[in-house]
Amino acid sequence: MAAEPAGAGSAAAVCVACRAGRVDDDGYCENCGHAQPRERDHMEQECGPLAAVSDRGLRHHRNEDAFGVGTTALPDGSPVSVAIVCDGVSSATRPDEASLAASRAAIESLLAALPRGTHPQQAMHDAIVAAAEAVDALAGEPAAARERDPHENAPACTIVGAVVTAGLLVVGWVGDSRAYWVPVDRSAPAARLTEDDSWAAQMVAAGLMGEAEAYADQRAHAITGWLGADAYELEPHTASFKPDRPGVVVVCTDGLWNYAESADEMAGVVPEDAAVRPLHGARVLVGHALDGGGHDNVTVALVPFPAVPQGAGSA
């Protein structure tokens with residue numbers, strides 16, 4: 001399931017400001033001239049036991065994030081939940097298109113592969129490859145055109161996703177969007193499940209800087225891995241876990257984790273009932289980022305573990 005705009009399906013094209021004027025095809029009120037919110041400025045989706053929310057934030061002129069969520073069943077009939085979150089690279093061309101194409105391709109790949117019996121970790125790897133191919137396809141202009149306009153770089157985005165079954169949690173990623181584990185029992189430790197493809201993470205991994213020093217550097221968020229035609233060789237990261245207790249997986253862009261970076265900080269802002277009220281929990285987390293300044297687009301999906309049975313497996 002691709003993300004749908006909040007309020008999608010509303011037939012009323014009435015100005016949100018004056019409530020009287022008709023909105024023209026360019027998105028402006030014919031009465032007062034107010035620019036109307038774009039469809040992707042704020043999106044919410046609840047899909048059975050999981051949910052996601054995405055918001056433009058307070059500083060960016062558009063939302064370059066995208067997400068997909070869905071549920072299906074494994075061949076044995078047991079439930080599985082999937083979530084994908086993508087963050088368009090702002091310095092690239094058409095980042096909003098890149099994130100949307102990647103999220104759609106990845107979620108479609110997962111929802112097709114898992115019921116066929118593909119192992120969740122392999123399915124996640126293949127979904128990231130499918131997402132990369134979808135983003136690559138956006139850079140379809142001839143090389144000659146790129147040579148004429150060297151400032152036009154290829155569309156690009158990051159990706160992070162989670163697959164949750166009755167007993168297994170799989171995450172996959174490229175870039176600096178993250179997944180966190182937050183147990184229902186908050187006396188148990190939370191954990192970050194992903195490692196950023198970023199300058200700061202490389203410095204820490206190489207032992208050249210401490211984590212606090214690296215992430216305080218102005219180069220910290222320069223990413224070293226992404227999806228796009230001009231990316232380095234694609235290396236999808238995947239990892240699998242078998243949690244021994246119920247919890248919730250937080251799948252998010254840096255627009256959220258910049259305001260709750262450590263696992264403990266993230267656990268501190270995730271509502272205690274997030275596993276049973278994921279849409280409310282996702283709204284609270286987006287609100288936390290907006291209250292903190294909303295410097296970036298903010299997207300988060302919440303996926304309860306273990307997966308909750310959904311009858312005949314909806315998608």
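Buried, as used in these legends, means under 20% relative accessible area. The model shown in every view is predicted.

**View 1. Thr253, in the loop between strand S11 and helix H6.** Strand S11 covers 247-252 and helix H6 covers 254-257, with Thr253 in the loop that links them. Because its relative accessible area is 0%, Thr253 counts as buried.

**View 2. Val250 and the largest nonpolar core.** This core has 32 residues, and the members that touch the most others are Val250, Leu256, Met266 and Val300. Helix H8 (residues 278-291) supplies the largest share of the core, with five residues. Zoom in on Val250 and, beyond its neighbours within four places in sequence, you will find contacts with Arg178, Ala179, Tyr180, Val182, Leu256, Met266, Val270, Leu285, Val300, Ala301 and Leu302. Another core, of 27 residues, lies apart from the largest one and includes Leu74, Ala123, Val170 and Val174.

**View 3. The second largest pocket, with a volume of about 240 Å³.** Which residues lie nearest the centre of the second largest pocket? They are Val89, Ser90, His221, Ile223 and Asp254, from a lining of 13 residues.

Technical notes. Residues are numbered from 1 along each chain as its sequence is written. This is a predicted model: local features need pLDDT of at least 70, side-chain atom pairs count only at pLDDT 80 or more; totals for chains, interfaces and linings use all residues. Side-chain values use heavy atoms; hydrogens and water are left out. A nonpolar core is a set of buried Ala, Val, Leu, Ile, Met, Phe, Trp, Tyr and Cys residues joined through side-chain atoms within 4.5 Å. Buried means under 20% relative accessible area, exposed over 50%, partly exposed in between (1.4 Å probe, protein chains only). Helices (H or I, at least four residues) and strands (E, at least two) are DSSP runs, numbered from the N terminus. Contact means heavy atoms within 4.5 Å. On a 1 Å grid over the protein atoms alone, a cavity is a set of points where a 1.4 Å probe fits but cannot get out, and a pocket is an open set with protein on both sides within 12 Å along at least five of seven lines; lining residues have an atom within 4 Å of a point. Grid points are joined across faces, edges and corners, and a volume is the space filled by probe spheres set on the points.
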